[in-house]
Every structure is written in structure tokens, then in C-alpha cells.
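Please look over the sequence and the structure shown here, and then read the briefing below with both of them at hand. The points are grouped by topic, so that each can be followed on the structure.

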Amino acid sequence: MGRDIRNDRSGGTMAANWPAVPPKVDEQASRQARRSIDIDRVFFWSFLVALAWVPFPLGSNRLFGWGVNAVLFGCLVIAYEASLLVRRRAHPVAPRRIAFEMVLFGLVCGWIFFQASHWAPEAWNHPIWAMTSEVLGRPVTGSISVAPDAGLVALLRLLTVALVFWLALQLCRDGLHAHYLTWAIAIIGFGYALYGIVQLYAFPDTILWFERTDYQDSLSSTFINRNTCATYLGMALLASFALLLAAYRTHRAGKVPLRLRMARIIEVTAGYGACLAFVAFSLASALMLTGSRAGITSSFIALIALIVLLSLATNRHRAAVIIALLFIVGACAAAMLSFGDHFLDRMANAGGANLRTSTAEQTISAALDAPWTGFGFGSFEQIFALYRDSSLGIGARWDKAHNTYAELILELGFPAAITLGTVVLSLLIRIGLGAYKRERVATVSFLAIGASILVLLHALVDFSIQIEAVAITFWAIMGAGLAQSWSSRMSTA
């Protein structure tokens, strides 16, 4: 009698003919996979809705906006991580992939908390606490920071931005999600640009339902400051160009006759091309109407850099680059001719540049009094009031240094500020190297490099990156750019 093949574990031919997994199990696994994809989509679209909300409450430049954003993105991250546990899924991008940057960022956050705490040696505490103790006639527990409460609020904002980066990194490992995110940045920016144009001409004395006291002659949309608005619109303009180039590049793939190529180009131009060109024109027009000299200049430098980078990365798609370039140059030129008068007038008047330079110089000079420890994260306004001189005006309020790098050095000290800068630089290097190694062009990765050029250049003369609407949008792009810098054939789990 032969053996019962149901009990045959020898791996023989007959046993091997049986299905390794019953069909019902396969169907169940397939349903679970589809359910998991649907759950990821829910998180992704919730993430996009949150990104659309962020510029609305005055660019999230008030305590209310900070609190809502912290709760909103914090809950999204907690729910997403819990869903991974329930689904027994690994992270699409494993934490070890960015372990170096996570350790450095953790050290900076730990230092910020230490500055605000009462754990530092007394010799490290700022002298203002000893002076306060003398005035009050009782002991006062000091800290390195001159404004520890402000430091903790600033730390919360920094952590909120980190959560956004983490969500974008995980959710945009899916290439389709990364493409949709790029579209979302362009369309959301387009919406705020249209509102800003209507606001400027219809009700220039208000922002939303609040009274507007400054910049009535400039577009600022829902932002308080026109420079911050310019940075935000600049990132959306970069996204629209990246999408325009991707549309032509996709429709020109493969070796096809010239007649068919021309037909595809006409098809794209009449569809995606025209829509994206209109979006780009609207964004460029709104950008010009802000009148922000540094914001507009930084945006166009970043746009040129993005064009160069994508041109170098698309050797087989030169025609696509040229066509997209013609569209974007035409849109920007039309915007300049139609709405560039305000910008050109402000360029001719360099007023305010000397004040900003002087502020940055005095900030660095103050930082040299505490080069290792800093004066506490988020304490610029309090500490700078002790160092500023009369050249900056007697009644003027300086709550920002108009140079983010100088302000970070003053608040964190040189070691922590350099460490934070290393995190950003390391991520940019990862994105750049990964994007150029990929066979297919990772559009969002190059967008991340272009947005970095815009934001980091503008940070030399302004504080846009310190406003949450700009910071959150920027780090969402960075997270998606890093996620797509790895080949889709490579497992990052």
C-alpha cells in the first residue's frame, strides 16, 4: 500500500503537487492586502487635508494654530503607528534608514529641553536669574534659557514639523502618493494664491476676518507677512513646474515616430499642459504681487536650479524639458509684465536691507557671549532686547533676527545649531545622491532639492522657515523626496 500523501512530509513529488497555500487563504491574504492599502489611503488623504489647513489660520503663526497642528499631526502619527501594529506591518521606510539623522535630531531636542530645565549647573544658568533672585529677595531656580516657557513651546513646534516629515516619509514611499502630494502642493498653493489676489483688490484692509495693519499694498493671502507668503507660493510654483515637466516626459517615453510624438505633445498641451501653465501663471502672478524682494528672488533662483537639475537628470527627454521650460518661462514672463511693477519698485528701493544686516551682526555678537550653551531656544525676542542698540530704532520690536541661522546660533549655541544644520544637510545629500542613482526620474526628490534652495536662501535674510505653514509644507516635501530617492525595486522596510 502506498503512503497517505496527506501525511507525507518527505517533500516527494506527489506531496509537492499539492498547493502550498489553500485558495481560501490566498483570497484572505489578498483581502487583507487591499484593506491595508485602503487604510494607507485614508491616512494619506487625511494628511493632505491637514496640509491644506495649515496656511489658513494666519499661516499658523499664532498659538492657536500651533496647538491645533500639534494635535492634528500628533494624532495622525499615533493612529498610523497603531494601525501598523494592528496590521502587523513594518514601516515602509524603516527608522534605521535615517538612524544617523534621528540620533542627531534627538540630541538637539534633548538639549533644548535641558536648556529650559533646572538641571544645569548653576554656573551655566543665565545671570538674569541671579539678578531676579536679588530683586525678589528670595531664591529663584534658574536655567540656561532666559525664557524656558517659550523654549518648550518652540520645542513643541519643532516636534510637530518632525512628525510631518515622518508621515510624509512613510506615506509617500508609494510613488502614486508622492505624485499626488506634488499635485496637492501646487493646487493648495494655487487656491491660496487666488484668495490672495481677490483679497488684495477687493478687501486689502483685512486678512480673513482680522484687521490688516501692514502691507496693504502687497499680497499676503492668509499670511501675516508678505515674505512668508512669497516663500509658500514659491514652493507651490516649483511643484507646478515639476509636474509640467513630468507630464511631457511621461507622454514622450519610448521610441516612437515624430508624428506620434507631436500628437502626444499637442494632447498634453491641450490638457495637463494648459491647466498647469495656468496654475503656474497664477502662482507667479501672486508671487509678484507680494512684492517680497528676497522671496521672489529666492524663488526664481530655486526655479532655475530645479530646471538645471531636471535637465541633467533627463538626458533622453531634452524636448520635454524645452517645452516645459517654454511654458514656465512664458508664465513667469507674463506674470512679471502684468504684475511686476510693485516688485521692481521695491527692488529699486533697498530700504530695510541695512537694518537686517545690522540685526544679524548684533545677533552673532550677542551669541558670542554664550557660544556653547546659547540663551535658550525660542528666547530671541527677550535676549535681543538686552543687546540691540539704537541703530535699530527705539520703538521697533524685533521678535525675529531676519536671519534664521544667526537666530539659531544665539538660541542654541554653536554646537547644537551646527548639529541641527547637519541633520538638514545630511538629508539633502541623501535625497540628491539617491535621486541621481535612480533609473527613473524621481520628480518629488528634485522638487525637495529646489524647495530647499528656496527656503534656505530666504532664511539668510528672513524668517519664513520659522512660520509653521512654510515649515510644515517644506518638510512634507522633504519627507516625500527622501522616500522616493530610493528605487521602487529596493526594499526600505
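In this predicted model, M478 touches F165, L427, L428, I431, A448 and S452, when residues up to four places away in sequence are not counted. M478 is also one of the residues with the most contacts inside the largest nonpolar core, which has 108 residues.

**Nonpolar cores**

- Besides M478, the residues with the most contacts inside the largest nonpolar core are F47, F73, L169, L181 and M235. Helix 8, which covers residues 226-250, gives the most to this core, with 14 residues.
- As general background, nonpolar side chains tend to be buried together in soluble globular proteins.

**Helix 18**

- Helix 18 is largely enclosed by the rest of the structure, because 16 of its 16 residues are buried.
- How far apart are the end C-alpha atoms of helix 18? They are 22 Å apart, and this agrees with the span of 22 Å that 16 residues should have at 1.5 Å a residue.

**Salt bridges**

- The structure holds five salt bridges, and the points that follow describe some of them.
- One of the salt bridges joins the side chains of R41 and D38, with a distance of 3.6 Å from N to O. Both residues lie in helix 2 (residues 23-53), where they are three residues apart, about one turn of the helix. An α-helix has 3.6 residues a turn, so residues three or four places apart point the same way.
- R41 is partly exposed, with a relative accessible area of 43%, and D38 is likewise partly exposed, with a relative accessible area of 39%.
- A salt bridge also forms between R87 and D40, whose closest N and O atoms are 3.2 Å apart. This pair links distant parts of the chain, since R87 is in helix 3 (residues 63-87) and D40 is in helix 2, 47 residues apart.
- Are R87 and D40 buried or exposed? Both R87 and D40 are buried. Together with R89, these two residues are linked in a network of salt bridges.
- The side chains of R356 and D462 meet in a salt bridge as well, at 3.1 Å from N to O. Here too the pair links distant parts of the chain: R356 belongs to helix 13 (residues 353-367), while D462 sits in the loop between helix 17 (443-458) and helix 18 (468-483), and the two are 106 residues apart.

- Which residues make the nonpolar surface patch of about 370 Å²? The patch is made by I301, Y405, L457, L460 and V461.
- V461 lies in the loop between helix 17 and helix 18, and at 34% relative accessibility V461 counts as partly exposed.

**Single residues and their surroundings**

- G175 lies in helix 7, which covers residues 175-202, and is partly exposed, with a relative accessible area of 38%. Although G175 and S488 are 313 residues apart in sequence, their C-alpha atoms are 7.9 Å apart in space.
- N225 is found in the loop between strand 2 (210-211) and helix 8, where this residue is buried, with a relative accessible area of 12%. If its neighbours within four places in sequence are left aside, N225 is in contact with Y215, S220 and F463.

**Positive phi angles**

- S60 has a phi near 55 degrees, a positive value in a residue other than glycine. The place of S60 is in the loop between helix 2 and helix 3, and S60 counts as buried, at 0% relative accessibility.
- L208 has a phi near 55 degrees, which is again a positive value in a residue other than glycine. L208 is found in the loop between strand 1 (206-207) and strand 2, and is buried, with a relative accessible area of 17%.

Technical notes. Residues are numbered from 1 along each chain as its sequence is written. This is a predicted model: local features need pLDDT of at least 70, side-chain atom pairs count only at pLDDT 80 or more; totals for chains, interfaces and linings use all residues. Side-chain values use heavy atoms; hydrogens and water are left out. A salt bridge is a side-chain nitrogen of Lys or Arg within 4 Å of a carboxyl oxygen of Asp or Glu. Helices (H or I, at least four residues) and strands (E, at least two) are DSSP runs, numbered from the N terminus. Buried means under 20% relative accessible area, exposed over 50%, partly exposed in between (1.4 Å probe, protein chains only). Patches are made of residues with over 30% relative accessible area and no salt bridge: like charges are joined within 9 Å, nonpolar side chains (Val, Leu, Ile, Met, Phe, Trp, Tyr) within 5 Å. Accessible areas come from the Shrake-Rupley method with a 1.4 Å probe; for residues, only the protein chains shown count as cover. A nonpolar core is a set of buried Ala, Val, Leu, Ile, Met, Phe, Trp, Tyr and Cys residues joined through side-chain atoms within 4.5 Å. Contact means heavy atoms within 4.5 Å. The expected span of a helix is 1.5 Å times one less than its number of residues.
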